[in-house]
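Look at the model below.

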Amino acid sequence: MKAVVLVSGGLDSTVLLHKMVKVYHDEVIALTMDYGQLHKREIQCAQYQAEVLDVQWKYLDISPVFDGVKTPLLGDGEIPKMTYAEQLKEGNGPVKTYVPNRNMILLSIAAAQAIAIGYDTVAYAAHMDDAAGSAYPDCSPEFVAKMDSVLKTQGISLFAPFVTGHEGRGWTKKDIVAKGIQLHVPFEYTWSCYEGGDEPCGVCGTCRDRIAAFEANGFLDPLMYS
C-alpha cells in the first residue's frame, strides 16, 4: 500500500503507524489534524512518532470547520470522569466526548490528500472498544464499510484493521497495546487524556481505558507511571 495514515498522537493511531511501517513495510505519510481539541499535546506526539519512524509528517489546522460544535472535547462542558461503559449504562451512545461527524471529515480530507499525491489508501485506527454500544458511531464496522465504499468511488481504499478483523474479530485496546509492546512502540510519547493538561488526568474515559489495556497485558502505562 501507499497510505495516508491518520495519526492523532494517541495510542491507537501510533500503533497502527508503527505496524504499517514495521510489519507491512508500506510507503506511508502520517497526517495529523488539529480540529480544535483540548489535548494539543498529542499533536507533538504524532510528530515525534513520525520522526522516530523516519516517515513524512503533515499537519493541517481544520479547527474552523468545527466552529459552533458543542462537545466537551472542544471545550464546551465538563469531560466525564468515568469509563465509556459506565457512561453507556445511562443510555446508548454516543458518549459526551463524541465530536459529531469528525471522523467522516478527517477521512475525507485524508482521501483528498492521498489522491493529490497518487496514494491508494487511507489508514484509520478505529477499534471495537470505541464502537461498542455506539459510544463512537464513526468507529463501527458499519461506518467503516460505508466509508470504504464511498472512498472507493474516488479510487481510495479505507484500511481499518482494528475494526475489520483480527483472528475472526475486531481488535480491542488490549489487543492494540499488545501489538505495540511487541513492536517496541515508545508509548511514553503518546497522549490520550481528554483534559489537555501537562499530565494525564487518569480518570477520564480514555485514560481509564488506556490504563486498563496496559494492566490487561501485565504492564503499567509508561506515560501514567513515568
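This is a predicted model: local features need pLDDT of at least 70, side-chain atom pairs count only at pLDDT 80 or more; totals for chains, interfaces and linings use all residues.

Residues are numbered from 1 along each chain as its sequence is written, and side-chain values use heavy atoms, with hydrogens and water left out.

Q: Why is Asp34 called buried?
A: Buried means under 20% relative accessible area, exposed means over 50%, and partly exposed lies in between (1.4 Å probe, protein chains only). Asp34 has 8%. That is under 20%, so Asp34 is buried.

Q: Where is Asp34 placed?
A: Asp34 is in strand E2, residues 27-34. Strands (E, at least two residues) and helices (H or I, at least four) are DSSP runs, numbered from the N terminus.

Q: Which residues does Asp34 touch, not counting those up to four places away in sequence?
A: They are Lys40, Ile43, Tyr59, Leu60, Asp61, Ile62 and Ser63. Contact means heavy atoms within 4.5 Å.

Q: What makes the pair of Asp34 and Gly36 a polar contact?
A: A polar contact is a pair of N or O atoms within 3.5 Å; within protein, one must be able to donate a hydrogen and the other to accept it, and residues adjacent in sequence count only if both atoms are side-chain atoms. A polar atom of the Asp34 side chain lies 2.9 Å from the backbone nitrogen of Gly36. That distance is within 3.5 Å.

Q: Is Thr97 buried or exposed, and how do you know?
A: Its relative accessible area is 2%, so Thr97 is buried. Thr97 sits in the loop between H3 and H4. Its side chain makes a polar contact with the side chain of Tyr136, at 2.6 Å.

Q: What makes Val144 buried?
A: Val144 has 4% relative accessibility, so it counts as buried. Val144 lies in helix H6, residues 141-152. Not counting residues up to four places away in sequence, Val144 touches Tyr124, Leu158, Ala160, Val163 and Thr164.

Q: What is the phi of Asp54, and what is that of Asn101?
A: Asp54 has a positive phi of about 60 degrees although it is not a glycine. Asn101 has a positive phi of about 65 degrees, and it is not a glycine either. Most residues other than glycine have a negative phi.

Q: Why are H1 and H2 called roughly parallel?
A: Angles under 35 degrees count as roughly parallel, over 145 as roughly antiparallel, 65 to 115 as roughly perpendicular and the rest as oblique. Axes are lines fitted to C-alpha atoms, for helices over the stretch in contact, and angles run from 0 to 180 degrees between N-to-C directions. H1 and H2 pack at about 15 degrees, with axes 11 Å apart. H1 and H2 are therefore roughly parallel.

Q: Which residues make the contact of H1 with H2?
A: H1 gives Thr14, Leu17, His18, Val21 and Lys22, while H2 gives Gln49, Ala50, Val52 and Leu53.

Q: What makes H1 oblique to H8?
A: The axes of H1 (residues 11-22) and H8 (residues 173-182) come within 10 Å and cross at roughly 45 degrees. That angle makes H1 oblique to H8.

Q: Why are H8 and H9 called oblique?
A: H8 and H9 (residues 205-216) pack at about 60 degrees, with axes 8 Å apart. H8 and H9 are therefore oblique to each other. Lys173, Lys174 and Val177 of H8 meet Asp209, Arg210, Ala213, Phe214 and Ala216 of H9.
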